[in-house]
Amino acid sequence: MSNPPDSPTFALPPFDHVKADVILRSSDGVDFRVFRLFLSLASPFFETLFDLPQPSQVANADMEIEDGLPVIPVSEGSKTLDSLLRFCYPCTLAEDPVIDDFREIINVLDTAKKYSLDAIQPAICKSLFTPKVLEANSLRCFAIACRARMQDECVLAAKYTLREPLVPGWFEEIELITSTELLSLLTYHKKCSEAVQSFKGNLSWIPNELTPGHDGSCQCSPPPYASRALDLGDWWKGFMDSTFLVLSDSPCTETIKTSIEKMIQTVRQRGCNRCRDVAPGRLRELDIIFRNKVEEATSQIKLDLNY
């Protein structure tokens, strides 16, 4: 038999337990039968709420009773409430949900703040701050971390934003961050770029054996009278110049990886016989050294943003 049009529906397990002692009713009319103890342990807000006199103790005509349980209406929709409650419950009863919708993450974080559920905010963000999500949505993750005032997640997301141009395009969550937070991110990006560019003028950190022509057999190298800037061959100079140019806008290790792979293809197509044979292997060795150099330089730069 179906429920009347205005009657509430019931939430999915474990929020339909027959031994629950209170009902939270979402704004879209879904009843969540929950245990006060779990919510009280997670939130001082609920602890205070449940300490108030209940209808069995004081007559309260305004309090709805369903199956002998007090019904507490909340302003959140059932989707947000379901996610929030799963973070509150013990893992043996409900696993933390995986939330892949950015707007829903914001709704759950805002609701957690509203109900003083500070302890579960890291768990909420954990489902978002994974390498896969950060690689594709670093700026959005940064904005959400700022909204939740989570320092470590802000720093992590800021590092991933180094893959983006210095001046980012518009993104949906940009309204979540303040001008101070945005300026801090742009300053961090600029300082990382400057740190990487600082070792362009002195390439002594590159072992000689990884450069073309070091053994005299490379035919790509210019004659002895060429300027010092061309001593490593035209393709090598082009590689270094183009790589540092991209690094000025995206000062991250991913830039190195992409540039190395492009250059390997170029050498295979246009290099001398010797370079076609040995350059790919040497470039891959250089990839490791170059990435470590960039990582070392950028890791010294701190995001000036403290909560």
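The model is predicted, so to speak of local features we need pLDDT of at least 70, side-chain atom pairs count only at pLDDT 80 or more, and totals for chains, interfaces and linings use all residues. Residues are numbered from 1 along each chain as its sequence is written, and side-chain values use heavy atoms, with hydrogens and water left out.

Helices (H or I, at least four residues) and strands (E, at least two) are DSSP runs, numbered from the N terminus.

I start with strand S2, residues 22-25. Val 22 and Leu 24 point one way, Ile 23 and Arg 25 the other way, and all are buried, meaning under 20% relative accessible area, where exposed is over 50% and partly exposed is in between, with a 1.4 Å probe and protein chains only. Two strands pair if DSSP finds at least two bridges between them. S2 is joined to S3, residues 30-34, by 4 bridges, and the two run antiparallel. Leu 24 stands opposite Phe 32 there. S2 and S3 form a hairpin with 4 residues between them, and Gly 29 in the turn has a positive phi of about 80°. With S5, residues 69-73, S2 pairs in the parallel sense over 3 bridges, and Arg 25 stands opposite Pro 73.

Next, the helices. H10 (residues 253-270) and H11 (residues 273-299) pack at about 170°, with axes 9 Å apart; axes are lines fitted to C-alpha atoms, for helices over the stretch in contact, and angles run from 0 to 180 degrees between N-to-C directions. H10 and H11 are therefore roughly antiparallel. Angles over 145 degrees count as roughly antiparallel, under 35 as roughly parallel, 65 to 115 as roughly perpendicular, and the rest as oblique.

H6 (residues 131-148) and H7 (residues 151-160) pack at about 130°, with axes 8 Å apart. That makes H6 oblique to H7.

Now the backbone. Most residues other than glycine have a negative phi, and most peptide bonds are trans. What kind of peptide bond joins Pro 13 and Pro 14? The bond is cis, with omega about 10°, and Pro 14 lies in the loop between S1 and S2. Asp 67, in the loop between S4 and S5, has a positive phi near 55°. Asp 67 is exposed, at 57% relative accessible area. Ser 116, in the loop between H4 and H5, has a positive phi of about 60°. At 28% relative accessibility, Ser 116 counts as partly exposed.
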